[in-house]
Amino acid sequence: MRVLLIGANGYIGRFVADRLLADPAVQLTALGRGDDADVRFDLASGSPGALTRFLDAVHPGVVVNCAGATRGGARELTRHNTVAVATVCEALRRSGCGARLVQIGCSAEYGPSQPGSSTAEDAVPRPGGPYGVSKLAATELVLGSGLDAVVLRVFSPAGPGTPAGSPLGRLAEAMRRAMQSGDGELKLGGLGAQRDFVDVRDVARAVHAASLSAAQGVINIGSGRAVRLRDAAAVLARVAGYGGALHELDGPPGALRPAIGHPRPDSDHAPQVTYPYPDGCGSWQQADVRTARDRLGWRPRIGLEESLADIWMEAACRI
């Protein structure tokens with residue numbers, strides 16, 4: 001099976017590449033903007049015709065799209081998350097390769113959820129920010145393309161390679177700095193949000209399974225369990241061996257909260273603060289993962305403690 005992987009150098013894409021390369025039946029070709037890609041191509045600016053010519057030459061059986069942007073303004077997010085996917089869909093429609101498309105979506109497409117609930121694939125998406133809107137538009141393009149396609153809506157990925165700017169990455173960095181400086185206490189803000197964390201290696205397994213399956217439509221990829229960020233902080237302190245006290249700085253309900261690891265500003269000189277999860281998803285997200293189990297034969301295998309231990313191992317190497 002020849003697989004064309006788009007975005008192999010991204011956070012999720014690196015692990016998808018490793019997973020696919022471990023399958024002796026897979027011939028992998030990486031397409032991306034970096035110099036180390038097998039083929040250099042920018043989806044946001046390249047034409048569908050140019051991509052079609054490449055598809056006809058390589059003739060993949062599966063195209064996996066892990067490319068995209070998580071940060072930036074609405075225009076940049078739309079260009080990299082929506083226009084890029086439109087290019088992929090149009091190129092596949094024009095090509096004679098007949099490849100199956102596995103598109104990486106995200107839980108931000110759903111927007112806020114009712115606390116205590118599990119979000120299934122038939123929930124009405126109500127994204128609360130430009131990132132979720134751009135990803136939802138991409139999903140709609142894929143679903144309306146008429147292609148043999150599946151969209152994996154990934155909840156909050158964690159584990160090795162977690163970006164330093166993510167909530168868990170910032171949490172690990174704050175703890176590293178506290179241990180390096182010998183601080184006996186760590187003041188953290190914004191720990192009330194609850195998210196469904198899923199290890200990035202389990203996500204890669206789901207992509208592999210989706211590549212081999214005939215499943216179409218949208219499939220949630222998560223752990224099926226929401227975890228409060230303050231509980232994740234306690235686990236991280238344990239795996240890191242941090243014996244200091246954790247002090248939460250969250251204010252009253254509805255108040256703006258300082259970002260993880262940032263001290264509470266003085267009221268007279270208060271800079272603009274940010275939420276720990278600027279994803280427009282509110283205080284709660286939890287996936288209903290029964291569809292992944294039933295249609296892909298997939299279940300998460302790696303627990304959050306192992307994911308956090310790997311995040312800490314990478315942070316500790318910077319000491």
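View 1. Helices (H or I, at least four residues) and strands (E, at least two) are DSSP runs, numbered from the N terminus. F41 counts as buried because its relative accessibility is 16%; buried means under 20% relative accessible area, exposed over 50%, and partly exposed in between (1.4 Å probe, protein chains only). Leaving out residues up to four places away in sequence, F41 touches L31, G32, R33, G46, S47, A50 and L51. Contact here means heavy atoms within 4.5 Å. A206 sits 25 Å from F41, C-alpha to C-alpha, and 165 residues from F41 in sequence.

View 2. A37 is in the loop between β2 (27–32) and β3, and at 15% relative accessibility A37 counts as buried. Its contacts, neighbours within four places in sequence aside, are A30, L31 and G32. A8 is 29 residues from A37 along the chain, with 7.8 Å between their C-alpha atoms. H59 belongs to the loop between α2 and β4 (62–65). With a relative accessible area of 44%, H59 is partly exposed. Phi of H59 is near 55°, a positive value in a residue other than glycine.

**View 3. Strand β6, covered on both faces.** Six of the six residues of β6 (residues 149–154) are buried. A149, V151 and R153 are on one side, and V150, L152 and V154 are on the other. On to the partners: strands pair if DSSP finds at least two bridges between them. β6 pairs in the parallel sense with β5 (residues 100–106) over six bridges, and G105 has R153 in β6 as its bridge partner. β6 also pairs in the parallel sense with β10 (residues 217–221), over five bridges. There, V154 stands opposite I221 in β10.

**View 4. Helix α4, between β5 and β6.** Together, β5, α4 (residues 130–143) and β6 make a right-handed β-α-β unit. Right-handed means that, with the strands pointing away from the viewer, the path from the first strand over the helix to the second runs clockwise. The end C-alpha atoms of α4 are 20 Å apart, which agrees with the 20 Å that its 14 residues should span at 1.5 Å a residue. That expected span is 1.5 Å times one less than the number of residues. Buried residues of α4 include Y131, K135, L136 and V142. The helix packs its buried residues against α3 (74–94), β5, β6 and β10.

**View 5. Helix α5, largely enclosed.** Of the 15 residues of α5, 11 are buried, so the helix is largely enclosed by the rest of the structure. Among them are P167, L171, M175 and A178. Their packing partners are β7, β8 (185–188), β9, α7, β12 (245–248) and α9 (304–316). From first C-alpha to last, α5 (residues 167–181) reaches 21 Å, close to the 21 Å expected at 1.5 Å a residue. Next comes G182, whose phi is positive, near 75°.

**View 6. An open sheet of three strands.** The order is β7-β9-β11, and the pairing is mixed. β7 (156–158) and β11 (226–228) are the edge strands, each pairing on one side only. Direction ignored, neighbouring strands of this sheet are turned by 55° against each other on average. β9 (residues 194–199) and β11 pair in the antiparallel sense over three bridges, with Q194 opposite R228 in β11. Helix α7 (residues 229–240) lies across β9 and β11, running at about 75° to β11. For these angles, axes are lines fitted to C-alpha atoms, for helices over the stretch in contact, and angles run from 0 to 180 degrees between N-to-C directions.

**View 7. Confidence along the chain.** pLDDT is the predictor's confidence in each residue, from 0 to 100. The chain averages a pLDDT of 90, and 91% of the residues score at least 70. Over residues 251–259 the pLDDT is below 50, and this stretch has 18 contacts in the model beyond near neighbours in sequence. Residues 262–276 also have pLDDT below 50, with 25 such contacts. Where pLDDT is low, the predicted coordinates should not be read in detail.

Key: Residues are numbered from 1 along each chain as its sequence is written. This is a predicted model: local features need pLDDT of at least 70, side-chain atom pairs count only at pLDDT 80 or more; totals for chains, interfaces and linings use all residues. Side-chain values use heavy atoms; hydrogens and water are left out.
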